[in-house]
Amino acid sequence: MAELRAPIPALKLNDGNTIPMLGYGTGTAWYKTGDESKLDRACIDSTKTAIKFGYHHLDGAEVYKTETELGTAIKESGVDRSKLFVTTKVLPSITDIPAALKTSLKKLGLDYVDLYLIHAPYFDSPSPQEAWKAMEELKAAGLAKSIGVSNYLPEDLATIMKTANIPPAINQIEFHAYLQHPKLLEFHRQHGIATAAYAPLTPATKAKGGPLDDYLATLATKYGVSEGEICLRWCIDQDVVAITTSGKEQRLSDYLRAMTFKLTPKEIREINQLGSQHHFRVFWTHKFDKDDRR
């Protein structure tokens, strides 16, 4: 199999740190519903393959139950820790965030993470502002280089920013052409919060049959890539970090083709316009009404 070596660009965060704009996720395909202590060797090997291909941004979460696999892959990869950007997230253990991160670090076999996120705003205790204060303390202690959130809406961000000493560096959200969050992204821009996208391939995978089908196919032919890679590039060209995953080695290699071209501003506008004609949400559907595009 031919391996494509294409450098992944980085985005500067509001705290001065930088994040690679294409990340490899250890959720979705690798999410464990059973016993966390039973290692998934396929997840480890696929993550090692991703690292070998140059995916040095590795995205995990305590709820995925794959932090041990991620840590094992990092160790077995032989890549120096300083070259990796490791993210994990807290939610099930939100009542004691410092203890949650220490547990995650032990599973990962690391002294710190590059990015620590509150996985979602759906918790009752502690208060959102208390939770964010705990995140700030972890950053001050050096256990997390950057801190942020995930799945937050403008009102959620506004609540924590009322008392925050450090603003969130990033908000990781479901983001693709069929779920564009214009008001949320405008809030991000106003406050210097970066955007990261999970499920960025949705229009080319889970939502086929929509108004973007023909145009994505046309662009894929023009650039000699897949429709999914057009979706990745659409994110990156809008300064949105894209998180994706796959258990297939060839697909991991192919995704890097998204680093070899740029969409034109006109093409981005056309994707935005066509995408806005259709609404499709993959995750957290139990939290949003069918037509809620927030």
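**Entry 1: E9 and E10.** I started with strand E9 (residues 194-198) and found that 4 bridges join it to E10, with the two strands running parallel. I'm working from a predicted model here.

**Entry 2: E3 and E10.** Next I checked strand E3 (residues 22-25). E3 pairs with E10 too, in the parallel sense, over 3 bridges. Here I looked up Gly23 and got Ile243 as its bridge partner in E10.

**Entry 3: how enclosed is E10?** I went through strand E10 (residues 240-244) and noted that 5 of its 5 residues are buried, so the strand is largely enclosed by the rest of the structure. Which way do the side chains point? Val240, Ala242 and Thr244 go one way, while Val241 and Ile243 go the other, and all are buried. I reminded myself that side chains in a regular strand alternate between the two faces of the sheet.

**Entry 4: Asn171.** Then I moved to Asn171, which sits in strand E8 (residues 170-174). Buried or exposed? Asn171 counts as buried, because its relative accessibility is 0%, and the cut-off for buried is under 20%. What does its side chain reach? I found the backbone oxygen of Tyr152 at 2.9 Å.

**Entry 5: who touches Asn171.** I left aside the neighbours within four places in sequence and listed the contacts of Asn171. Among them are Val149, Ser150, Asn151 and Tyr152, along with Leu157, Leu184 and His188. Ile193, Ala194, Thr195 and Ala196 are also in contact with Asn171.

Conventions. Residues numbered from 1 in each chain as written. Predicted model: local features only at pLDDT ≥ 70, side-chain atom pairs only at ≥ 80, totals over all residues. Heavy atoms only, no water. Buried < 20%, exposed > 50% of the residue type's maximum accessible area, 1.4 Å probe, protein only. Polar contact = N/O pair within 3.5 Å; in protein donor to acceptor, adjacent residues only side chain to side chain. Contact = heavy atoms within 4.5 Å. Pairing = 2+ DSSP bridges.
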